[in-house]
Amino acid sequence: PVGSAIQSASLELQILDAGGKQDFYQVTEAWQETTATWNGFQTPGSPGTRPNAGSFTPSSRGRITVVVTTIVQNWANGDANQGILISSLSTNGVDYASSAATTAAHRPKLTVTFAPPAGPSAPPPPSGPTADGLAGHASAAPPYLGGSAGPFAAMSHLRNSGRRAGS
C-alpha cells in the first residue's frame, strides 16, 4: 500500500535460454499492454525510465531471483507503477518465460515484504488469492502481473513468451 516501508521485494524469473548481462529499470512512461507498439513511446522502442536499478547475468536455464526493492519502494512512495524494463546491450539475448507460460511455476512472480503505514487510515495488508496469510507479506503472480492493473503489475513486458532482451 502507498506509504508502506518496503523491507524486501524480489522478482522471480524463469530463464529459458541464458545469455549476457541484463539491466533492469523502473518504467516511468505510461503505456497499456493491449495498445503498446514500438513507436508508441516518446523515444521509439524505449519507454521512459529511471536510472539503472541493477543488473544480473543469467548463466544457466532455470529460476532466478532479482532484487527489486528500490523500484517497489518508489511505487509505495507514490510513483505510478508502469512496470519494469529488462534491457541488454549483449549480443547474446535471454529468453524468459512470460505470464502466459503454460507451466504456472515458470511465470514471473513478485514477492514483497513490507510494513504498512502507521495510523488509523492505513489500509489492511493484501488478502485473498495474492496473499500467503502472513501480515505484511504479499506475493503476486499472473493475472496480477499485467499492464498497469495495480500495485504488483511489474512484468507485463514479458507477456509474450520468447521475447528476447538484447537481441
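This is a predicted model: local features need pLDDT of at least 70, side-chain atom pairs count only at pLDDT 80 or more; totals for chains, interfaces and linings use all residues.
Student: Hi! Which residues touch the most other members in the largest nonpolar core?
Tutor: Those are Leu-13, Phe-24, Phe-56, Val-68 and Val-72, out of 22 residues in that core.

Student: And which elements each supply at least two residues of it?
Tutor: Strands S1, S4, S5, S6 and S7 do, along with helix H1 (69-76). S1 gives the most, with 5 residues.

Student: What does Val-68 touch, leaving out residues up to four places away in sequence?
Tutor: Val-68 contacts Ala-9, Ser-10, Leu-11, Phe-24, Ile-84 and Leu-110.

Student: Switching to rings: how many aromatic pairs are there?
Tutor: The count is 1 aromatic pair. The rings of Phe-24 and Phe-56 have centres 6.3 Å apart and planes at 40°.

Student: Why is the pair called tilted?
Tutor: Because the 40° between the planes falls between the cut-offs: under 30 degrees would be stacked and over 60 edge-to-face.

Student: Where do the two rings sit in the chain?
Tutor: Phe-24 is in strand S2 (residues 22-26) and Phe-56 in strand S3 (residues 54-56), 32 residues apart, so the pair links distant parts of the chain.

Student: Are they buried or exposed?
Tutor: Phe-24 and Phe-56 are both buried. In S2, 5 of its 5 residues are buried, with Gln-22, Phe-24 and Gln-26 on one side and Asp-23 and Tyr-25 on the other.

Student: Which way does S2 run against S3?
Tutor: S2 and S3 are antiparallel, with 3 bridges, and Gln-22 has Phe-56 as its bridge partner. S2 also runs antiparallel to S5, joined by 4 bridges, where Asp-23 stands opposite Ser-87.

Notes
Residues are numbered from 1 along each chain as its sequence is written. Side-chain values use heavy atoms; hydrogens and water are left out. A nonpolar core is a set of buried Ala, Val, Leu, Ile, Met, Phe, Trp, Tyr and Cys residues joined through side-chain atoms within 4.5 Å. Buried means under 20% relative accessible area, exposed over 50%, partly exposed in between (1.4 Å probe, protein chains only). Contact means heavy atoms within 4.5 Å. Rings of Phe, Tyr and Trp (its six-membered ring) pair if their centres lie within 6.5 Å; planes under 30 degrees apart count as stacked, over 60 as edge-to-face and the rest as tilted. Two strands pair if DSSP finds at least two bridges between them.
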